[in-house]
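Work through the exercises below with the structure in view. Each task is followed by its solution.

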Amino acid sequence: MNVLKRALGRGKRSDKAARQAAAEWESDDDEPPRRPSVSDVGAAFDNAHCTLVTEAGPVQKGAQGPPAVEKQVPPPPVAVDLPESSASLLSAEPAPSPTAAAGVPPPTSSEENGRVYRIGYGDAGKKPITPLNLLPYSTDGAARHGGDGGGSAPADAAQVREKEEKIRACLSVGDVETLRQVCWSGIPTSVRPVCWMTLTNYVSSTHAPRRATELVDKREVYQRYVEKHYNRGDRDGGDAASKAAMSIILKDAPRTMSKIPFFAVPQIQQSLVRILYTWAVRHPATGYVQGMNDMLTPFLFVYYSAYVGADALMGEDAAAHVAALSADVVENVEGDVFWGFTALVQNIQDHFTEGQVGIQSKLAALQDLLRKVNPQLHHHLEAQRVAMADFGFKWVACLFLRELPLRPLLRLWDTYLAEGCYEYPRLHVYVCLALLQRFSSELLALEFCDLVPFLLAPPTDAFTELDVSELLSKAYCLQQLYPLSV
């Protein structure tokens, strides 16, 4: 009994101490500021896709259908500094915070009464989830889906300027999480190079004065790789694997994006060979695999555009513009492309190893999704004995590099890099599914002899950035409705 009384006494004293501590906390004038509440978010919260997290699990807010699945985003990098010739990309004055400077959406989560709301991409151009909403493919959604992504869509100039200011505000304070939200709906060409550098974690220093030094260091590391593996004889006197890689690269380089004059420029061809060969030697587990040459092209185009301009690179006189660049600039761009490509493939190297298990698993996921989303089309493909690998292998392995024109392709990659280098492979499966959905009626009318050629070369030559934005919006909805782990 005495033991019980002593225990009860200690419990009362503990309760009293706890109440006293709580009272002191509530009256503390130095209490740290709370994150913005849901009411602070205002109209942005009303339009966004949100998930209410409770003890019972996630509950959808503001939408019907299954709840969204929270995505794990890798630790954000920080803003980077481009070379002096591209300093104008970040010419805006630094802002105290992105929200105060340019109306950037609030942080992705806020607390109210112990409950956590996670804000989605409504403000950045993603359409809030609507069950079974497959989104009609019209062109009336330019503003809704950020059609200014590649700079050639008929977007309102004020919208482009507004997005540029939001991006500059995020870069000036290193707010990469908000930057990802803004860039998901497309990136204006004027700031695309620096955004891609940031989104791929190319420069990750958290100390601002060291960012330029880190950029220089990484470029010097690439030059040492070139000197060691390319310039000192590996090109001609390496082992059998290196010689085989060089032989294939030399055949693939002239066929890379052959319809665009920029990629036929001799300096660009030489850069392509150097980067691919150096990367293959540095990564012997995968080496060089056909298709990697295509995956390098978006980085080459975007990073050269920081010095020349995208419109000039698309013109017939691209060779003259590239020839006017100094050797130092070419070396810097090669280094940037090497590290960007490395970041892109770091989570999909199983696409290139023996058995290509990464591609096989994504094709299996695509087939399972099609069975759920469009059983009629799934049954038709099975009845015609069309396997996913017959066409999907190229879709998954090359990320639509051979199916889309360059500008819409850059718009697609804006979203992929905004998703993160560890997250975009999963979204890509849903983009493949959305493309099948888009051409569903045409596919249902074809038989085997016409189905495979149609799927290997879908009629996407006339696709615009708006078409890609609609495709991504549809893919996002499908991802929320039918989550997979691939």
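A residue counts as buried when its relative accessible area is under 20%. The model used here is predicted.

**Exercise 1.** Decide whether C398 is buried or exposed.

Solution. The relative accessibility of C398 is 5%. The cut-off for buried is under 20%. C398 therefore counts as buried.

**Exercise 2.** Find out how many disulfides there are, and examine C195.

Solution. A disulfide needs two cysteine sulfur atoms within 2.5 Å. By this rule the count is zero. For C195, the nearest cysteine sulfur belongs to C183 and is 4.0 Å away, so C195 is in no disulfide under the 2.5 Å cut-off. C195 has a relative accessible area of 0% and is therefore buried.

**Exercise 3.** Describe the surroundings of T415.

Solution. Start with the location: T415 lies in helix α19, residues 406-419. Next, take the accessibility: T415 is buried because its relative accessibility is 0%. Then list the contacts: leaving out residues up to four places away in sequence, T415 touches C183, W184, L427 and L472. Finally, look at the side chain of T415, which reaches the backbone oxygen of W184 at 2.6 Å.

**Exercise 4.** Which residues of the largest nonpolar core touch the most other members?

Solution. The core has 122 residues, and F262, Y304, W413 and L436 touch the most other members. Helix α20, residues 424-438, gives the most to this core, with 10 residues. Now take Y304: beyond its neighbours within four places in sequence, its contacts include F262, I268, L313 and V333. In soluble globular proteins, nonpolar side chains tend to be buried together.

Terms used:
Residues are numbered from 1 along each chain as its sequence is written. This is a predicted model: local features need pLDDT of at least 70, side-chain atom pairs count only at pLDDT 80 or more; totals for chains, interfaces and linings use all residues. Side-chain values use heavy atoms; hydrogens and water are left out. A nonpolar core is a set of buried Ala, Val, Leu, Ile, Met, Phe, Trp, Tyr and Cys residues joined through side-chain atoms within 4.5 Å. Buried means under 20% relative accessible area, exposed over 50%, partly exposed in between (1.4 Å probe, protein chains only). Helices (H or I, at least four residues) and strands (E, at least two) are DSSP runs, numbered from the N terminus. Contact means heavy atoms within 4.5 Å. A polar contact is a pair of N or O atoms within 3.5 Å; within protein, one must be able to donate a hydrogen and the other to accept it, and residues adjacent in sequence count only if both atoms are side-chain atoms.
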